[in-house]
Amino acid sequence: LPAHIAVIDREGRVITINQAWTDFAISNNAAGLASVDVGANYCNVCRRAAADKDADAEKALNGIESVLSGIENQFTMEYPCHSPEQQRWFLMTVVPFGSGGAVITHLNITERKQAEEALWESGNRLSLAQEISHLGSWELDLIANRLTWSDEVYRIFGLQPQEFSATYEAFLECVHPEDRAKVDDAYSSSLRENRDTYELEHRVVRKDTGEVRIVHERCQHFRDSTGKIVRSAGMVHDITERKRAEAALLEREKQLHTMADSIPNLAWWANGDGYITWYNRRWYEYTGTTPEQMEGWGWQSVHDPQFLPKVLEQWKASIATGQPFEMEFPLRCADGRFRAFLTRGHPLKDAQDRVVRWFGTNTDVDELKRAETALRYTLEDLQRSNRDLEQFAYVASHDLQEPLRMVTSFMGLLQDRYMGKLDGKADEYIGFAVDGANRMSSLIHDLLSYSRAGRPGAKAGIIHCGEALDKALKNLRVTIAEHKVSVTHEELPTVIGDVTQLSQLFQNLIGNAVKFRRDGVNPEIHVSAKLMEDGKVPGQSGARWLFSVRDNGIGIDPQFHEKVFMIFQRLHSRDRYPGTGIGLAICKKIVEHHGGRIWVESKPGEGSTFFFTIPQAAGDSANG
């Protein structure tokens, strides 16, 4: 026999051993069995091993002695046997034999132990997987009416094995009272109708906490050789959290739909592949369509056929790349007319950056597009009118100068030859005519300057404002010297502009400060500039240079701060302060041509500070 067999007498001496014992002991030197031979005392071999703290040897010795003494009719034990190649397992059996002796058998059960270990490991993994997934298994023996549950089913139902009678009726007691009839009917009808499977969702009440949980069950029936159903097996999946998440998601969807229904825009939801699943109420009101007509890709029917191919191309490109969709195109309304819409589609992505849904809106921009078109035409008309007015002003002022020069010349001759030779009235009239002609000449000259101000110049480019200021001061050097004017300035930046126009701007502002000086006070004028961050200048965006020209003159009443920049506006008589009232209007036109704005801060008797802005250009700096 392949089993290792030894026969011992009542003293434990070996009477005989089989060949399998000898071969195994010699080849493996296993557990001291190589010392066991005919005549040797088997019990003594076990005692020596037990003395070396071998627990298995001690257990074997106690078992052998209990059989030899007649206390036990049989003794069995499993023990491992270590060899250089592997660990083996043996089943040791001791039974009485002859007059007081015994037969000892060692059977190799290594394969069985390995199978048991693998089965235990598999069962352990299955139990862990069920626990992690909240998925339990059960089996019902219909013949014996005995129900078997996995550990996870007990956890789902909040029960301990000792608390459960393991019958179908006991299971029904765990089902929510309102669902028991439904569950029992599902199982019973599957048996009556001889169906192989059934599945359903229902509620259970946990025994330990009283908490209501939702489970999904699937059952499979098994038959005997006659086709009769004799056994049922199934799975129980705790889907409570999933159902709660689904309910929360449905509630959120409902809220989103309510919000989308309340907006004036047309709105829609689509799957990740672009298949539209929902439109808001405004969409159906506008298009006059039904959900059945619009399902999926039905929206194409309300598009202008001329634009549809381009819309499809761009929409499919967004679906393929996951990039937002934005496009303007017409949509047909219920009465058949088309209106322009701005459509935007925003992708919603999961943790793996995959598009799972799209949310889109269609905003009616028809009125805006019409207004933009009308505004564009109006702007073109205004630009054309401005060009015509500028041309007219230039031509008129230019053409008026020739006859005016003749009038001025002859009035001067008349004054030189006949002044004092006629009566007093004639001298007065001649003086009025000469003064009027001179004022008319000055007015035409200023009007010509105004018409030219702000016109694009060939010299526009990067300029240094310090150079423009120097040029203005050179033009005013006689006036500055005559009135002992002090002009100071800080470091000025480089900007993009026309040096001639900026020089005229500084010249007009400084000239104004000299003209409107206080009696007995030498004019003091200071020019500075500082960079203002985006949004720091009221009414304007973008970083800008803020220039200021400050004087110590007579000042301006706040109620006239806006009026002084209007053409031909004067606050004083010509006798006191000569001029035509165009200088500051020219300044305003130049500043606006450079993309800025101009204003004044002043009080009577406290001087004035004129501010103007010019946008910062790339590379601008206050480099002196």
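Why is helix H16 largely enclosed by the rest of the structure? Of the 17 residues of H16, 12 are buried, so the rest of the structure largely encloses this helix. The model is predicted. The chain has 624 residues, and 39% of them are buried. Its secondary structure comes to 17 helices and 22 strands. Three cavities reach 30 Å³ or more.

**The chain as a whole**

- The accessible surface of the chain is about 35,900 Å². Carbon and sulfur atoms account for 53% of that surface.

**Helix H16**

- H16 covers residues 499-515, which makes 17 residues.
- From first C-alpha to last, the helix reaches 24 Å. That is close to the 24 Å expected at 1.5 Å a residue.
- The buried residues of H16 include Val-499, Leu-502, Leu-505, Phe-506, Leu-509, Ile-510, Ala-513 and Val-514.
- Gln-501, Ser-503, Asn-508 and Asn-512 are also among the buried residues of the helix.
- In an α-helix there are 3.6 residues a turn, so residues three or four places apart point the same way.

**The largest cavity**

- Its volume is about 130 Å³.
- By class, the lining of the largest cavity holds eight nonpolar and three polar residues, with no charged ones.

**The second largest cavity**

- This cavity has a volume of about 100 Å³.
- Its lining includes the aromatic residues Trp-138, Trp-149, Phe-157, Tyr-168, Phe-171, Tyr-187 and Tyr-198.
- Leu-140, Leu-147, Val-153, Val-236 and Glu-217 also line the second largest cavity.
- Four elements each supply at least two lining residues: strand S6 (135-141), strand S7 (146-149), helix H5 (151-157) and helix H6 (168-174).
- The lining of the second largest cavity divides into 11 nonpolar residues, no polar ones and one charged.

- Asp-353 is not a glycine, yet its phi is positive, at about 65 degrees.
- Asp-353 sits in the loop between strand S14 (338-349) and strand S15 (355-364).
- The relative accessibility of Asp-353 is 54%, so this residue counts as exposed.
- Lys-484 also has a positive phi, near 50 degrees, in a residue other than glycine.
- The loop that holds Lys-484 lies between helix H15 (477-482) and strand S17 (486-489).
- Lys-484 is exposed, with a relative accessible area of 62%.

**Arg-357 in strand S15**

- Arg-357 is placed in strand S15. At 23% relative accessibility, Arg-357 is partly exposed.
- Arg-357 and Ala-270 are 87 residues apart along the chain, but their C-alpha atoms are separated by 5.6 Å.
- Leaving aside residues up to four places away in sequence, Arg-357 touches Glu-253, Trp-269, Ala-270, Asn-271, Gly-272, His-346, Pro-347 and Leu-348.

**Glu-201 in strand S8**

- Glu-201 belongs to strand S8 (residues 197-205). Its relative accessibility is 30%, which puts Glu-201 in the partly exposed class.
- Lys-182 is 19 residues from Glu-201 in sequence, and the two are 9.7 Å apart in space, C-alpha to C-alpha.
- Beyond residues up to four places away in sequence, Glu-201 touches Lys-182, Val-215, His-216, Ile-239, Arg-242 and Lys-243.

**Cys-81 in strand S3**

- Cys-81 lies in strand S3, which spans residues 75-82.
- Cys-81 has a relative accessible area of 6%; buried means under 20%, so Cys-81 is buried.
- Cys-81 and Asn-108 are 27 residues apart in sequence. In space, C-alpha to C-alpha, Cys-81 and Asn-108 are 9.7 Å apart.

Key
Residues are numbered from 1 along each chain as its sequence is written. This is a predicted model: local features need pLDDT of at least 70, side-chain atom pairs count only at pLDDT 80 or more; totals for chains, interfaces and linings use all residues. Side-chain values use heavy atoms; hydrogens and water are left out. On a 1 Å grid over the protein atoms alone, a cavity is a set of points where a 1.4 Å probe fits but cannot get out, and a pocket is an open set with protein on both sides within 12 Å along at least five of seven lines; lining residues have an atom within 4 Å of a point. Grid points are joined across faces, edges and corners, and a volume is the space filled by probe spheres set on the points. Ala, Val, Leu, Ile, Met, Phe, Trp, Tyr, Cys and Pro count as nonpolar, Asp, Glu, Lys and Arg as charged, and the others, Gly among them, as polar. Buried means under 20% relative accessible area, exposed over 50%, partly exposed in between (1.4 Å probe, protein chains only). Accessible areas come from the Shrake-Rupley method with a 1.4 Å probe; for residues, only the protein chains shown count as cover. The expected span of a helix is 1.5 Å times one less than its number of residues. Contact means heavy atoms within 4.5 Å.
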